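Welcome! Here is a short tour of a structure that may be new to you. Please keep the sequence and the 3D view at hand as you read.

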Amino acid sequence: MITLRISSRTTPQGLQRDDLKARLIYQSMARSTEEKIAELQNLYPDYGVDGLLDVLVSCGGSLKRSAQLLGDTTTPESSSKRFKSRQQQTLNRFLDVRLLPKAAIKTNGSKASRPIELHSKEDVESTLKYCTYHPNVLPLELANKLLEALSKDTSFKPNEFYLFGNKCISNCKSRIFLPENRIEPFYYNGKRVESYSTYSDEIMMAQILVEELVNDVLSQRTALPFQVEAGKWEVQAVLSNSYSRDSNLDWHSDRLTNIGPHAIIASLSLGFTREFRVRRVHPSNSSTYSLRPQHNSLIIMHAGFQEEYKHCVPFLPKNCNIPAEDVHPISNDVRVNLTFRNYALTTKVFCKLCGFPMDLRRSFKDPSKRGLYIFQCSKSYTEENSFKEGRECKGFAFACFKKKPPFTEFETDGSRWIADDDLEAKQAQRQLK
Ligand SMILES: O=C(O)CCC(=O)C(=O)O
Ligand SMILES: [Fe+2]
């Protein structure tokens, strides 16, 4: 029997927010990401691994589409000029300006290096500034019950999203869980979520324990300017992914649009242990770190994590044999992940040009602009529009979190955050003053 102090606790009221968390997952993975990147590197030696990876991801893992987008080197009409003039501009809009100009992403011919393994809580927390690791967070019985139920839950489905007019389907399965008493609609990937599950008692219990732990950890950390105060971090939705041995989740930062700036996300791992990789969003040749979150462990992605890092769950190595001792007694080779999310940005911002909802991003490509939060119109990548040429909207505003609605036309009034250790941005911005 699991007994927890939950009697006086009511389920947090859900708020009307969507979560544009584009899962840039490869559709067909006959070949590994590394192999595809190596092939693209051969064709486009001037581009860095980071830029090529972004292109490959944006093309649903298709090498052919990536080559077309980059300017197929074998066909004269698809020159890099065409790519630069239209496609790169488009890519920048979709990829949070992640595809850097050629000059900025030269790699000096270096190959992607092996990830640096972080084995212990101390390793993780001394290396990754915006991340803490907490093994054995729930009573084991509760963790096992959750895993048992979620790994058998047939309502988990691949995520579908549109990119450049192409329907992309993730290869891990997901399910959104909302509290039973939620009345406001919930949005995900720009669409109102009609199909979701309500919390089971186990999810509710897990949420309460996770909230307690996160608030406790927050009380011992220095807060960043836009994050929620310690004690006030509350979860309004739980997103769950289920990974079978041939699924992955590609490099991404979770979209800030509804979780807000300096969001805090708690990520619970259950079942089979998979790698969780992390790297900084800039510079593009940053080291990759590899964590192996165990059954019943929590990774807290603290304020600054979504701004400064990307994360992914990579594929298992091809043809890997899972040793018997690694097979999980409940879920076998399946890992289930639950991300507990606080939807802090309650005000929806609409585009003044077309009325579509705006997407919140933080610029980081140009050190002199790095840290500025901006709203961009989301019209170009909704399902209805599905990126029809000429129908993209250029609606744009600077975010200003102390205002309601939280935006401004003036860059100087815009909200900005630069990481403490980002000397490059600090220097570039000092020079402008
Ligand atoms: O499965 C994980 O550990 C990560 C999940 C994640 O990043 C997401 O759902 O956005
Ligand atoms: Fe994520």
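A crossing of two helices is called left-handed if the near helix is turned anticlockwise from the far one by less than a right angle, and right-handed if clockwise. Helices (H or I, at least four residues) and strands (E, at least two) are DSSP runs, numbered from the N terminus.

This is a predicted model, in which local features need pLDDT of at least 70, side-chain atom pairs count only at pLDDT 80 or more, and totals for chains, interfaces and linings use all residues. Residues are numbered from 1 along each chain as its sequence is written, while chains are lettered from A and ligands numbered from 1 in the order in which they are written.

Let us begin with the helices. H6 passes H7 in a left-handed crossing. Helix H6 covers residues 140-152 and helix H7 covers residues 201-218; they pack at an angle of about 135°, with their axes 10 Å apart. (Axes are lines fitted to C-alpha atoms, for helices over the stretch in contact, and angles run from 0 to 180 degrees between N-to-C directions.) H6 is therefore oblique to H7, since angles under 35 degrees count as roughly parallel, over 145 as roughly antiparallel, 65 to 115 as roughly perpendicular and the rest as oblique. On the H6 side, the contact (C-beta atoms, placed from the backbone, within 7 Å) is made by Leu142, Lys145, Leu146 and Ala149, and on the H7 side by Glu202, Met205 and Ala206.

Next come two open sheets. Strands pair if DSSP finds at least two bridges between them.

| E17-E18-E19-E20 | antiparallel | E17 (358-362) and E20 (407-408) |

In the four-strand sheet, five bridges join E17 to the antiparallel strand E18 (residues 373-377).

E2 runs parallel to strand E13 (residues 288-291), and three bridges join them. Leu118 has Leu291 of E13 as its bridge partner.

Finally, which residues come nearest to ligand 1? Of the eleven around it (C-beta atom, placed from the backbone, within 6 Å), they are Asn241, Phe276, Val313, Asn337 and Thr339. Strands E9 (237-243), E15 (309-313) and E16 (335-341) each give two or more residues to this shell.

Key. Contact = placed C-beta atoms within 7 Å.
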